[in-house]
Amino acid sequence: MNSTWQAEIGAVFRKELKTELRTKSGLFSSGLFSIIAVIAVALAGYGERIDPTMGAGLFWVTLLFSAMISLPRAFVSEEEAGTGDQLRLLARPHAVFWGKALFNMLLMAATSVVLSVMFVVFTNLKVDHLLLFALSLAGGCVALAISVTLCGALVAQATNRSALAGVIGIPLLLPFVAMGVGALRVSLGSGSVNSGLISCGGLYAFALLMGAAAPNLYAAIWKG
Amino acid sequence: MLSVEGVGKRFGDLWVFRSISFELSAGDALIVLGRNGSGKSTLLKVIAGLASPSEGKVNLPDGDSRRTLGLSALDIHLYHNLTVKEHFALAAELRGVEPDWPILEQVGLQSRFNQLVGELSSGTKARLKIAIATAAKPQVLLLDEPGVSLDEAGREAVRQICEIQRTRGCLIVATNDPLERSLGTLELDLAS
């Protein structure tokens, strides 16, 4: 049997999924953070409808921190458990990156669905443009998953991971967080639909750019 | 088939070893000897491409190193949340080969297929590592102290596997303990 990218990416994805289903560490940590964050926001604005701009900002802050808690683990845990070399012996870097990034996308999708329902229920946020809301969230989850996966991959082998993650993460995440807030704000009823669509397009362009650059960047440091 | 030309490895200002050169062909078995910290494991990692040499170069056989090279080492760990069967299948899928299930039987893991790797003893994990390292029928097999943690039956199984691998033309580089010394035809002492 000849090795195909699809089979290799699938193998890494299934390994991540099985590990997560058995340990539930990512689901628990990001789920718990999301619940606490939404309840805190709901209590702070108790009885009042949150302004759409503020709501979009709070939503993205919660989504971003949920991602930062769980997604970099995909690579960091390999180095902490001493399995990184096993992977470097058996696999190709692009397959490893995409397998882990796809798993992170699934985790982000699950988190964002739970987060959306909780925000709407607990904070009385009203979604005016459902399609734009869904599109911006989907693009945001893809961009977020790829960016944070890359961030985790870059810092995994470093001694001082936390400091390095901050230095790499800020320029990597700020641009699309700004676009994500812009698109979400419009979907919640503030600003023109055109500006929302432009922000949403920017999110997808960023995701595409990261999707092209990140696996190659990871391949360059693969056996570094 | 495998040539190591003037290889040296340095951590900061400290040279762990320098000017290591040898050439091995099909069926050879080289035993790397040396005290703790003399760089035996590091040399294997340099050959495997997991660490870059500070000087010199390593020429591996042509082909995809995922299939031409197998490494079993003490500090390369297994996925504790996968079962033996899942782990073995994962390694095969990533290498793009069919899982060679009989090897698991050769190392005595036939009754452990559905057990989580994290629940295995250190000796059983060592057997699984050797099975994974040899499963793709590599041309170069690197064994970092394969006898550690193994009981007599395990050592005998490794001995037999190494013999089978050498007979089909695989060359072996192993680091020192009594088991590996009995396997070898050539020796390299890093202390000298």
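1. Start with strand S3 of chain B. In this predicted model, B:Leu30 has B:Val173 as its bridge partner in S7(B). The two strands, S3(B) and S7 (residues 171-175) of chain B, run parallel and are joined by four bridges.

2. How much of S3(B) is buried? Strand S3 covers residues 29-33 of chain B, and four of its five residues are buried, so the rest of the structure largely encloses it.

3. Strand S5 (residues 69-72) of chain B is covered on both faces. One side carries B:Leu69 and B:Leu71; the other carries B:Gly70 and B:Ser72. All four residues are buried. S5(B) pairs with strand S6 (residues 140-143) of chain B, in the parallel sense, over four bridges. Within that pairing, B:Gly70 has B:Leu141 as its bridge partner in S6(B).

4. Now chain B as a whole. Its secondary structure comes to seven helices and eight strands. A compact globule of 192 residues would have a radius of gyration near 16 Å, and chain B agrees because its own value is 16 Å. The C-alpha trace spans about 45 × 30 × 30 Å along the principal axes of chain B. Buried residues account for 44% of the 192 residues. Take the contacts in chain B between residues at least 6 apart in sequence: 73% of them join residues at least 24 apart.

5. The interface comes next. Contacts link 21 residues of chain B with 21 residues of chain A. On the chain B side, helix H3 (residues 84-95) of chain B supplies the largest share, six residues. By class, the chain B side that touches chain A has 11 nonpolar, four polar and six charged residues.

6. Which residues touch the most other members of the largest nonpolar core? The core has 119 residues, and the answer is A:Ala143, A:Ala145, A:Ile146, B:Leu71, B:Ala131, B:Leu142 and B:Ile172. The most comes from helix H7 (residues 130-155) of chain A, which gives 15 residues to this core. B:Leu71, listed here, is also one of the buried residues of S5(B).

7. A:Ala145 deserves a look on screen. With neighbours within four places in sequence left aside, A:Ala145 is in contact with A:Leu71, A:Ala101, A:Asn104, A:Met105 and A:Met108.

8. A glycine in chain A is next. A:Gly55 sits in helix H3 (residues 52-70) of chain A. Is A:Gly55 buried or exposed? A:Gly55 is buried, because 25 other C-beta atoms lie within 10 Å and the cut-off for burial is 20 or more. Beyond neighbours within four places in sequence, A:Gly55 is in contact with A:Ile50, A:Thr123, A:Leu125 and A:Leu188. A:Gly55 and A:Phe119 lie 64 residues apart in sequence, with their C-alpha atoms 8.6 Å apart in space.

9. Last, confidence. The model scores ipTM 0.86 and pTM 0.89. Chain B averages a pLDDT of 90, and 94% of its residues score at least 70. Where pLDDT is low, the predicted coordinates should not be read in detail.

Technical notes. Residues are numbered from 1 along each chain as its sequence is written. Chains are lettered from A and ligands numbered from 1 in the order in which they are written. This is a predicted model: local features need pLDDT of at least 70, side-chain atom pairs count only at pLDDT 80 or more; totals for chains, interfaces and linings use all residues. Two residues are in contact if their C-beta atoms, placed from the backbone, lie within 7 Å. Ala, Val, Leu, Ile, Met, Phe, Trp, Tyr, Cys and Pro count as nonpolar, Asp, Glu, Lys and Arg as charged, and the others, Gly among them, as polar. The radius of gyration is taken over C-alpha atoms; the globule rule is 2.2 Å times the number of residues to the power 0.38. A residue is buried if 20 or more other C-beta atoms lie within 10 Å of its own, exposed if 12 or fewer, and partly exposed in between; C-beta atoms are placed from the backbone. pLDDT is the predictor's confidence in each residue, from 0 to 100. A nonpolar core is a set of buried Ala, Val, Leu, Ile, Met, Phe, Trp, Tyr and Cys residues joined through C-beta atoms within 7 Å. Two strands pair if DSSP finds at least two bridges between them.
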